[in-house]
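Hello,

Here is the structure for you to look through. My notes follow below it.

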Amino acid sequence: MISLTDSQKIGMGLTGFGVFFLFFGMILFFDKALLAIGNILFVAGLSFVIGLERTFKFFFQRHKFKATSFFLGGVLVVLIGWPIIGVVLEIYGFFLLFRGFFPVAVGFIRRVPVLGSILNLPGISGFVDKVGESNNMV
């Protein structure tokens with residue numbers, strides 16, 4: 001079992017609430033208040049889980065500058081009051097930031113009994129193979 005410190009437990013809670021508010025904000029036709037709260041909670045929770053220094057190092061690496069700009073720019077655009085444009089920018093930045101983790105996630109999901117068989121269906125398999133390719137930092 002993984003042992004978490006108290007700050008990591010708080011971070012998991014903040015991240016969970018952030019994801020909930022982001023999802024709920026999108027369900028309610030891109031409500032800018034819920035999306036702004038979700039963004040703030042998500043970034044704060046991530047900082048609590050992995051630590052401020054590691055969060056800063058992750059986001060501000062030289063080869064991730066474009067991805068960080070899109071992600072944090074999307075957060076800023078949502079906070080300004082343009083939620084749809086901000087969410088699109090955030091999603092693009094998120095995929096650029098975390099594309100190195102996608103092959104690992106796809107490999108893990110393929111080992112789960114029910115989900116693995118769903119990912120091997122004809123229409124879905126090609127898309128999952130494309131997402132799971134290991135073309136890391138371009």
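The accessible surface of the protein chain is about 9,400 Å². Carbon and sulfur atoms make up 75% of that surface. Accessible areas come from the Shrake-Rupley method with a 1.4 Å probe, and for residues only the protein chains shown count as cover.

A note on the source: this is a predicted model, where local features need pLDDT of at least 70, side-chain atom pairs count only at pLDDT 80 or more, and totals for chains, interfaces and linings use all residues. Residues are numbered from 1 along each chain as its sequence is written, and side-chain values use heavy atoms, with hydrogens and water left out.

Now the overall build. The protein chain has eight helices and zero strands. Helices (H or I, at least four residues) and strands (E, at least two) are DSSP runs, numbered from the N terminus. The C-alpha atoms fill a box of roughly 40 × 35 × 35 Å along the principal axes.

The chain has 138 residues, and 30% of them count as buried. Buried means under 20% relative accessible area, exposed over 50%, and partly exposed in between (1.4 Å probe, protein chains only).

Next, contacts (heavy atoms within 4.5 Å). Take those in the protein chain with a separation of 6 or more: residues 24 or more positions apart account for 52% of them.

Serine 47 sits in helix H2, which covers residues 32–50. Is Serine 47 buried or exposed? Serine 47 is buried, because its relative accessible area is 14%. Leaving out residues up to four places away in sequence, Serine 47 touches Leu52 and Thr55.

Best wishes
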